[in-house]
Amino acid sequence: MRQKLARVLGGVAISALVISGAAACKADSGTEGGSGDKAACDLKIGFFGPLTGDAAGLGIHMRNGTKLAIDQYNKDNADCKVNLAEYDSQGDPAKAPALAQQAVGDTKVVGIVGPAFSGESEVADPIFDEAGLPIITPSATRPSLSTKSWKIFHRGVGNDTSQGPAAGRYIKNVLKAEKVYVVDDQSAYGAGLVDEVKKVLGAVAGEDKVQVKQTNFSAVVTKIVGSGATVLFFGGYYTEAGLLLKQLKGAGWKGTMVAGDGVNDANFIKVAGQQVAEGTVLTCPCAPATAAKGTFVTDYKAAFENAEPGTYADVSFDITKIFLEGIKAGKSTRADLLAFVKSYNKAGTATGVTYKFESNGELDPAQVLVWAFKVNAGQVVPDIEIPKA
Amino acid sequence: MNFDELFGNFPALTITGLEQGAIYALVALGYTLVYGVLRLINFAHSEVFMVGTFTALWTWEALGYDQNSPSPAIGPLILALVAGLVVAAVASAATAVTVELVAYRPLRRRNAPPLAFLITAIGASFVLAESFGIGTSRAPFGMPVLIPSETAFTVFGAAVTNIQLLILGVTLVMMVSLDQFVNRSRLGRGIRAVAQDADTAALMGVNKNRVILLVFVLGGLMAGVAALLWNVRYGYTKFNVGFLIGLKAFAAAVLGGIGNLRGALLGGLLLGVAENYAAGLFGGDWKDFTGFVLLIVLLMFRPTGLLGESLGRARA
Amino acid sequence: MTATVDKGRSPALKGRWAAMPKQVRWAAIAALIVLLYILPNRWFYEYLGFPIGSEYFAFYTTRSDFAGVLFDTAVFVLLAVGLNVVVGFAGLLDLGYFGFYALGAYTVALLTSPESRLGTNWPWLAAVPVAVMVAMVSGVILGGPTLRLRGDYLAIVTLGFAEMIRLYAARNEGVMQGQRGIPAIPHPPGTGSDGKPLFGVVDARPYYWLLLTLILLVIVLVRNLANSRVGRAWVATREDEDAAEVMGVPTFKYKLWAFAIGAAVAGLTGAVFAGKQTFINSDQFVLESSILVLAAVILGGAGNIKGAIVGGAITWYLPEWLRGAGDLVGVEFDAAEYRILVFGVVIIVMMIFRPQGIVPNRRRAAEFADRRQEAVPQEKVPSE
């Protein structure tokens, strides 16, 4: 009997949900119908990237950067707001098409910040291209993405071929390291960076690959310590970098780790711990915090429960502002906004990078600055700008 | 193939492999105990481990240690370790028991088919992992370095650290006491009886549900201990940290013979060491791959694992 | 108590359905199929009186393209139908079904893509049968030595197999191109009436229709197989392998058959998926998906094709629908982050209330009812 009662209750609950859902969407349809005439208002900027799943840690910060820019815009333009549409891909290329098609089908969406990763870009960008929906990715750095003649593609950062060689030059010319060990995480990003670094360094003391999500690095630690390398270049993301370094230092290694912008995140220091992270060199195709950076960091912390802005949060903030400026200037269609982005030439307030895109969508190489940062007392502080070639 | 790497670092690879294997083994015990009694792959066990890592971390934070604080002196250190151990073990056991009460017992009462248990196990695993994921913003968490790693002694040129000794020591102690408990105590006899023949055991006056609960408690305790050791050694956790460990531990349990306590230990250590050798020989990225190849090849020759199933009886 | 309720209700429904004239039943099924084909079209909802747009129909997914979600759901349904042969009919616990799906997708990608290192550049259509064959043959190769293992050991071996495929694809920077993946996989052939390719990039509907057609074909094949001598052999093996063997059923042969057929269906699904996706890499074949397909089969009711369809549909569709559930109830609430959590709760609750699945297999349901009766005296033992 009790089970029967439970079933009835369950059934009632479910039907109530369905009915209320149906009722609510009727109500919705009434209000939405009226808002159609205010053409240039209520436009949407999409964020496309992982907000759940394993890679969410990276995606959430980028989303926050975008959200911050939009919120600030809406404060100043309360009568004609722009909305944020989130497309949570979980970083999974298999989930990307339905989301990209949704964005394309929603005529209010005029610009996309993302896709965050190169893999999902390969799948989603052709769809955006077909629909002429302009995108600027803050973080997909695979070089080949700009060679596919997608007219809507823009990259707000330098690609792997700008950062990798710079990191290599830093190791060779600044650290003057004799024995360098290179490790990558097999991701397209990490392996790509390591390839570029190796090209500059020539011979390395040894190389190995780890896996994303790996936590026990004892085998590779044994190898690195055994090789006598004084510098480790790691191509990959902050979690694995933090764990690897922690275990390396735990095994008595005294060298310096150099890593790319995938590690340039507050979570790196959180995972590794302050003492372990000390002295680590992080390269980033971005300019350091100066007056030009404005109030981004303080605004971000104020908006998101005092969280440090993570990797690419600043880039996302700046490229969202490009779209917002376009909308402000009355570019309310995808085609107009695309033309606006193509002809854009101005410095971003958070990164200090001048955003000027080449015809293939790459950031103008003259604008790609690669800086080296150092971890000092738990903070990432600028070291030097790495000279070109 | 890099034989220089393998033989050059053979002792070091062995020691770090054993240390990783010990953690696999402790988690594997949870799979093996539940399987031995219920013949159920408790997929949610990986999340039981995950809960342990987080609660131990929170205990340390409550005691005032964060990832940047210096290592404490011996007195506070023991306090922190014991507090973390107790909290993690209790939290893990409580999680395991909750899963049993909420997800498995209602199904058992309805005599559901075995596959239904598998699915609720997966559901429970999603619920636990996602709750922690949402609660922790899916961020990774570093741990305080409570015990600075120091070389205790060297064998064949490989350094053995104090942490490695601690892990292996604790694992052996837990293993021996669990083995004694199951084989010697009255409650342990109940477990064996239910594993052998649940209906007959019930007729003989063994309280089946209490035994099952006990099995989940024991598995949870072991996972909690593993979580603490994990925190001390690897100093990191995340909402999905359990997935890979759980997978490996499950493989280790099968390798040793699922349902067999000593098999779990043997399987865990073997898997840990074999993975490390493979990483030395082929490169770090072949680690997991080799683990699975080993498992499949071994099962072809010994279909019930190295030591066979034996918590209750040998099963064909 | 519950057993009688169950018995009272579902045979009544079934009886009424069976009592209907054959023509009516056919018409009803035809209507359902037509509805499924119409489902992704917007004009259909306008016709029904729901205004065009996204968030107006309670079943519409409002945060991801409905046609795209339908396609992805259809992928899951076809996988579930295939896995149902292995798990539901033959009773083999396969945790690594996605491995065969990956094989199918990779075969198509390698043979067709101009950026593949093989350099064969086949058209998509020519690669599909090869993909099916590759999946099927690897099913036999894997099944040969491992199907002698029982139950849970088979589960871990198949799980290991799927992980090996994925890890190998991630590791192999040569032919498989690692995590960088294989881009530029051609679409299925065909030109629409407007001169544009039938299978384009933006519109997911043609792919959905293609897959729906394949699902119907596979269902017809599998149904006939299940009702034949082979199907009876599977049931016998599932119920009691030793007894079946004694009665002269070559159980191993039929288990291998089930495994190979299941693998072939997965390979086919993978081939279609690769043709739509145009880009695949190792990230798209994670172990979690394997487990989800199995969850779909069991959730729906193992051993029942209808069950597999329902389970597959729910497993993909529900989380996608939940993304926009906040919009539906009209609250400013982003359900996307909670969708997997809710999905977990739903499957636990559903299993507690319907342990034999949403649409249980009749024979299996009868067995469970039997077992429940047997279990009654045991529950009365004063153990609590």
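Of the 389 residues of chain A, 58% count as buried (buried means 20 or more other C-beta atoms within 10 Å of the residue's own, exposed 12 or fewer, partly exposed in between, with C-beta atoms placed from the backbone). The model is predicted: local features need pLDDT of at least 70 and side-chain atom pairs count only at pLDDT 80 or more, while totals for chains, interfaces and linings use all residues. Residues are numbered from 1 along each chain as its sequence is written, and chains are lettered from A and ligands numbered from 1 in the order in which they are written.

**Chain A**

Chain A has 13 helices and 13 strands (DSSP runs numbered from the N terminus, helices being H or I of at least four residues and strands E of at least two). Among its contacts between residues at least 6 apart in sequence, 71% join residues at least 24 apart; two residues are in contact if their C-beta atoms, placed from the backbone, lie within 7 Å.

Chain A is assigned domain 1 (43-157 + 289-357) and domain 2 (160-284 + 371-385), with bounds from an automatic or database domain assignment. Taken over C-alpha atoms, the centres of domain 1 of chain A and domain 2 of chain A are separated by 28 Å. Ten residues of domain 1 of chain A are in contact with twelve residues of domain 2 of chain A. On the domain 1 side, the touching residues are one nonpolar, six polar and three charged. In this classification Ala, Val, Leu, Ile, Met, Phe, Trp, Tyr, Cys and Pro are nonpolar, Asp, Glu, Lys and Arg are charged, and the others, Gly among them, are polar.

A cis peptide bond joins A:Gly114 and A:Pro115, with omega about -10°. A:Pro115 is placed in the loop between strand 3 (109-113) and helix 4 (118-131) of chain A.

**Chain B and its interfaces**

Within chain B, the axes of helix 2 (residues 10-38) and helix 9 (residues 208-234) come within 9 Å and cross at roughly 170°. The two helices of chain B are therefore roughly antiparallel. Axes here are lines fitted to C-alpha atoms, for helices over the stretch in contact, with angles running from 0 to 180 degrees between N-to-C directions; angles under 35 degrees count as roughly parallel, over 145 as roughly antiparallel, 65 to 115 as roughly perpendicular and the rest as oblique. The contact of helix 2 of chain B with helix 9 of chain B has 19 nonpolar, three polar and two charged residues.

The contact between chain B and chain A takes 30 residues from each of them. On the chain B side, helix 1 (3-8), helix 2, strand 1 (141-142), helix 11 (261-282) and helix 12 (287-301) each supply at least two residues. The largest share, four residues, comes from helix 2 of chain B. By class, this side has ten nonpolar, 15 polar and five charged residues.

Towards chain C, 42 residues of chain B are in contact with 40 residues of chain C. Elements of chain B that each supply at least two residues include helix 4 (74-109), helix 8 (198-203) and helix 10 (241-256). Helix 5 of chain B gives the most, with 13 residues. The side of chain B that touches chain C divides into 30 nonpolar, six polar and six charged residues.

**Chain C loops**

C:Ala184 is in the loop between helix 7 (151-171) and helix 8 (205-226) of chain C, and counts as partly exposed because it has 15 C-beta neighbours inside 10 Å. C:Thr278 is in the loop between helix 11 (251-277) and helix 12 (287-300) of chain C, and counts as buried because it has 20 C-beta neighbours inside 10 Å.

**Confidence**

The model scores ipTM 0.85 and pTM 0.84. Confidence in each residue is given as pLDDT, from 0 to 100. Chain A averages a pLDDT of 83, with 88% of its residues scoring at least 70. For chain C the mean pLDDT is 82, and 85% of the residues reach 70 or more.

In chain A, the element with the lowest mean pLDDT is helix 1 (residues 2-34), at 43, and the highest is strand 4 (residues 135-136), at 95. In chain C, confidence is lowest in helix 1 (residues 2-19), at a mean of 57, and highest in helix 5 (residues 98-112), at 94.

| Stretch | Contacts beyond four places in sequence |
|---|---|
| chain A, residues 8-39 | 24 contacts |
| chain C, residues 1-8 | seven contacts |
| chain C, residues 376-384 | nine contacts |

Technical notes:
pLDDT = per-residue confidence, 0-100.
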